[in-house]
Amino acid sequence: MAKEEFLNAGYTVIGTENNENKLLSFLKENYPNVIRDTEINIEELKAVLGFSIDEKVNGYGLNFVGRNFARAKYAQKTEKELRLNNTLSKNVDTTENLVLKGDNLDSLKILKSHYSGKIKCIYIDPPYNTTGDEFIYPDKFDKEEAEVLGLANLSESDFARMDFSFKTKKSHNGWLAFMYPRLLLARDLLSKEGVIFISIDDNEQANLKMLCDDVFGDENFIGIFPWRKRTAKSDVPFGVSQDYEWILSYNKSNFNAGLDIERKYHQTDDYKNDRWRLSDLTTQKLEQDRPNSAFDLVDPKTGKIYKYNPKRLWGITKDTFPEYYKKGKIVFPDDYSFLNITIPAYRVFESEDKAKALKKYNSESAKKSASTYFPKEVGMSEDGNKEVFEIFQQKIFSFPKPVSLLKHILSLINDSECIILDFFAGSGTTGHAVMQLNAEDGGSRKFILCQIDEPIKEDKPAYQFCIDNNLTPVISSITIERIKRAGEKIAKDIEAENAKIPMLPDEHKQVPDIGFKVFDSVEAPKLKVDEKGQILITENETDALSRIYNMIFTVGLDEPTQVPEEVVKDCIYKIGNHYYITNSQKINSDDYSNAIKNGKVFIDGWTASLNGTLQNYKEDVKIVF
């Protein structure tokens, strides 16, 4: 069905909101004098904002060919969606890590619905601007795309300049236009206390600094960290060995990123002197690993039973539950009417958070300000080469960043439970570093990696490695295989260490989350009109669970790393009290009413039809495209 048909029929449709330029609509409605002939009258806008309009000095900033084009690319809605790849995923039922294959411009847009304002740390090592081949990222900058973006008023000379800029090797304009929309999306994803780190070399360091000042605000600039990538070389141009690269760092907002964590606390009559928040009471442990946590929780007040999930056990044991409950640490869904939870949760008091934060602040490591000087322990490119060789037993990736460098960067973020995003994942160093750091300090950091399926040239060792291991010869295959092998090695090392120490199982060092859900980027369904004027839907063959995950990403209410519970096979899935329905033509009225009675209902618009059954529930469901 078309979105318009559901809208006309009176349904609430999710997936249409992003098409509206809210700022433009606001200006047209409230300040129509600012918009003249589809262009902005800058002098009028200055007057509206209260700025002086007789300024004789031009403003200072970075301008480049294709800037407006690139900004329009940022606002353009993606035509991609995600398909769960069970074959490449690891520990798919328990992991909280994500790997998104495909162009990161699309991946970042897909992540926005749920992760806007939730990413604590971003690290990227983007392709540097060199005299090598053109970028493999398929950004379109042509007349057809200009019309799609609403920039059809560009002149022939404008297109000629852009065409030259984007196709000429070592073009500053092309590289900046490539980075601009991705950095804008990164800014949207960062949390209020979030930080971004960007590796770069001399070719674009100065321009990148000005671009980041524009995107993140120069007041949010933290510093430039020099990283020594190699020892001095001889026989170099001008007799100067370029031994350093640079890591630019910016805050999302201008305050300490490590100590201030915004949390939502509740004030209730039963705990008047100490506010509290909820935390997850479940863990990734399986029944065979922790049998004492495989039990049904019974609410002492109501007698209601909450069965345990064999794939995600309680974080407490049957023996410790009474003690935790007596201390007020366990909260049941019926305890407070304002809570929107469906299973028991763990209560964390504000006083506990403050004590923990104070302990960190008073520790020796926290007393010292972070220095832009990196110690020798962060390693150089040759250390990254050795790490990759150790994992693959051959050199298959050129100049990967060492794990020690990423661990040092992540340690600057005073949060062991945060989400780390890398949307130029490459060899997977960031994912490796997150798992390794969690193994060392007991943290529960999560990673999201994005990597395009860049074809590997046949003369490269990585190509033969992929062929020998039945992998598609693209860079994302190396990314996934690296974090898979690195995680297995981390688990093996911890198990070997635990075997040497005579302790009870609960006292052993815990294996961190070494799994990841892999999603492929595929073309989203589209509506087209055939020669007879009939509307047709072009849809890839997608399994029901992938359609559900696309709805979860689009709606943005639930964490996409969760595993939805299947209610009706291949049709209805749920997370908490949110019901997601696909293949709706296969379900009956009772299925609808049961879902609506128990929670919020979202229906996949691409598989729905305006049948009589659905019409009966139009006030109670939302259609998702």
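Ile552 is buried, with a relative accessible area of 0%. The model described here is predicted. Ile552 is found in helix α18, which spans residues 544-555. Leaving aside residues up to four places away in sequence, Ile552 touches Asp558, Glu559, Pro560, Pro564, Ile575 and Tyr580. One of these, Tyr580, is 28 residues from Ile552 in sequence. The C-alpha atoms of Ile552 and Tyr580 are 7.8 Å apart in space.

The structure holds 22 aromatic pairs. Phe225 and Phe374 form one that is stacked. Their ring centres are 5.4 Å apart, with 15° between the planes. The cut-off for stacking is under 30 degrees, so this pair falls in the stacked class. Phe225 lies in strand β8 (residues 221-228). Phe374 lies in the loop between α12 (364-367) and α13 (381-392). The pair therefore ties together parts that are 149 residues apart in sequence. Phe225 is buried, at 5% relative accessible area. Phe374 also counts as buried, at 7% relative accessibility.

Tyr324 and Tyr346 form a pair of another geometry. Their ring centres are 6.1 Å apart and their planes stand at 70°, so the pair is edge-to-face. This pair links distant parts of the chain, 22 residues apart. Tyr324 sits in helix α10 (residues 321-326), and Tyr346 in strand β15 (residues 345-349). Tyr324 is partly exposed, with a relative accessible area of 30%. Tyr346 likewise counts as partly exposed, at 22% relative accessibility. Beyond these pairs, Tyr306, Phe321, Tyr325 and Phe332 form one aromatic cluster.

Helix packing was examined for α5 and α8. Helix α5 covers residues 104-115, and helix α8 covers residues 172-189. The two pack at an angle of about 20°, with their axes 10 Å apart. That angle makes α5 roughly parallel to α8, because angles under 35 degrees count as roughly parallel. The crossing of α5 and α8 is left-handed. On the α5 side, the contact is made by Asn104, Leu105, Leu108, Lys109, Leu111, Lys112 and Tyr115. Helix α8 contributes Pro181, Arg182, Leu185, Asp188 and Leu189. The residues of this contact divide into 7 nonpolar, 1 polar and 4 charged.

Terms used. Residues are numbered from 1 along each chain as its sequence is written. This is a predicted model: local features need pLDDT of at least 70, side-chain atom pairs count only at pLDDT 80 or more; totals for chains, interfaces and linings use all residues. Side-chain values use heavy atoms; hydrogens and water are left out. Axes are lines fitted to C-alpha atoms, for helices over the stretch in contact, and angles run from 0 to 180 degrees between N-to-C directions. Helices (H or I, at least four residues) and strands (E, at least two) are DSSP runs, numbered from the N terminus. Angles under 35 degrees count as roughly parallel, over 145 as roughly antiparallel, 65 to 115 as roughly perpendicular and the rest as oblique. A crossing is left-handed if the near helix is turned anticlockwise from the far one by less than a right angle, and right-handed if clockwise. Contact means heavy atoms within 4.5 Å. Ala, Val, Leu, Ile, Met, Phe, Trp, Tyr, Cys and Pro count as nonpolar, Asp, Glu, Lys and Arg as charged, and the others, Gly among them, as polar. Rings of Phe, Tyr and Trp (its six-membered ring) pair if their centres lie within 6.5 Å; planes under 30 degrees apart count as stacked, over 60 as edge-to-face and the rest as tilted. Buried means under 20% relative accessible area, exposed over 50%, partly exposed in between (1.4 Å probe, protein chains only).
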